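New notebook, new structure. I'll jot down what I look up as I go.

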Amino acid sequence: MWITIAPFVTLLGHHLEHPLLIAPMGAHMFVHPEGEVIAAAGAEKAGALYESSGASNRSLEDIAKASKGPKWFQLYFNADAGVTRSLLERAKAAGYSAIIITADALGPGTSDAFLSMSSPFPAGATFGNHDPRYGGKGDFFNQKVELTPADIEFVKKITGLPVIVKGILRGEDAVVAIDAGADAIQVSNHGGRQIDGVPSAISQLQEVAARVGHKVPVIFDSGIRRGIDVVRAISLGATAVAVGRPVLYGIAAGGVGGVAGVIEHLKTELRTAMLLSGARTLKDLAQGFIRNKETEH
């Protein structure tokens, strides 16, 4: 008997056929000349919600046109409030249904590998959302570094859209965000590439989910590679997961079809992992599916 992943995941008003989102990742022109429009089109083909990066090479409008599926916009707060306001207004006008506030990357990563590349962008690639040729303005790197809970209210006042706070690794920070009006929490360490020694996102998920309770959805990203990873994340309290690097590999290998293929493969692996774990639906997954030394007696 084949496992049915049911009921569909409901996430901030979207009824999704599976719990796999595409995580916000910038600079897709590293892997494909068409950049993020390929990822967005692949997301629609795979029935996946697309989280559009504020660090994209293509403009948020071009990305939105590439997919009729559900889309959220990831905002990097700019130190210039006028630039931030413009990004928010453009995102709402383009049809994004929620805003993701980035709390875990208030500046570029400083890994040795990144620094050794010097100026790694392909010729002609820019941060599309700030490029004046596409209606943008401001400097992407001029980011606001003193984020506060009031910034959640600012986003809601400008857009009237739900807000997800991304980059939470501590339960107490999740509580602060929710009290300030956050509609969802995204547990993430930015792919582990922002700061050396940061804990893995999966090691913090259970703590954050426990503090959140059932107040708002919990999204998990960083390290999703196989279907069993999805089972682990949902068992530890996630509502849905966002997939990062595998999607980039899919873009490089097969364009739109490559993106859809990655999601379809993960869906198949997820069904198999659930079958072999004894879970008929996503709701069956609970903490009892995960054992660790802290809980063993």
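Predicted model: local features only at pLDDT ≥ 70, side-chain atom pairs only at ≥ 80, totals over all residues.

How much space lies in the largest cavity? I get about 40 Å³. Residues are numbered from 1 along each chain as its sequence is written, and side-chain values use heavy atoms, with hydrogens and water left out.

**Cavity.** My search of the whole structure turned up 1 cavity of 30 Å³ or more. A cavity here is a set of points, on a 1 Å grid over the protein atoms alone, where a 1.4 Å probe fits but cannot get out, and lining residues have an atom within 4 Å of a point. Points are joined across faces, edges and corners, and the volume is the space filled by probe spheres set on them. Among the lining residues I noted Gly54, Phe73, Tyr76, His130 and Phe140. Strand S5 gives the largest share of that lining, 3 residues. (Strands are DSSP runs of E, at least two residues, and helices are runs of H or I, at least four, numbered from the N terminus.)

**Strands.** I followed S5 (residues 71-75) next: S5 pairs with S6 in the parallel sense over 3 bridges; pairing takes at least two DSSP bridges. Leu75 stands opposite Ile101 in S6. Between S5 and S6 the chain passes through helix H3 (residues 81-94), and this β-α-β crossover is right-handed, meaning that with the strands pointing away from the viewer the path from the first strand over the helix to the second runs clockwise. S6 also pairs with S7 (residues 163-168), again parallel, over 4 bridges, with Ile164 as the bridge partner of Ile100. Are the faces of S6 (residues 99-102) buried or exposed? Both are covered, with Ile99 and Ile101 buried on one side and Ile100 and Thr102 on the other. Buried means under 20% relative accessible area, exposed over 50%, and partly exposed in between (1.4 Å probe, protein chains only).

**Cores.** I looked up the largest nonpolar core, which has 69 residues; Ile22, Ile185, Val187 and Phe220 touch the most other members. Such a core is a set of buried Ala, Val, Leu, Ile, Met, Phe, Trp, Tyr and Cys residues joined through side-chain atoms within 4.5 Å. Helix H9 (residues 245-277) supplies the largest share of this core, 11 residues. A second, separate core has 13 residues, including Leu11 and Leu49. Leaving out residues up to four places away in sequence, Phe220 touches Val187, Leu205 and Val241, among others; contact means heavy atoms within 4.5 Å.

**Helix H1.** Of the 11 residues in H1 (residues 36-46), 9 are buried, including Glu36, Ile38 and Gly42. Their cover includes S3, S4, H2 and H9. After H1 comes Gly47, with a positive phi near 70°.

**Helix H8.** H8 (residues 227-235) is largely enclosed by the rest of the structure, because 7 of its 9 residues are buried. Among them are Asp229, Val231 and Ile234. I listed S3, H7, S9, S10 and H9 among what covers them. Gly237 follows H8, and its phi is positive, near 120°.

**Gln206.** I found Gln206 in H7 (residues 201-212). Why does Gln206 count as partly exposed? Because its relative accessibility is 25%. Gln206 and Leu236 are 30 residues apart in sequence, yet 5.1 Å apart in space, C-alpha to C-alpha.

Note on methods
1 Å grid on protein atoms, 1.4 Å probe; cavity = no way out; pocket = protein on both sides within 12 Å on 5 of 7 lines; lining within 4 Å.
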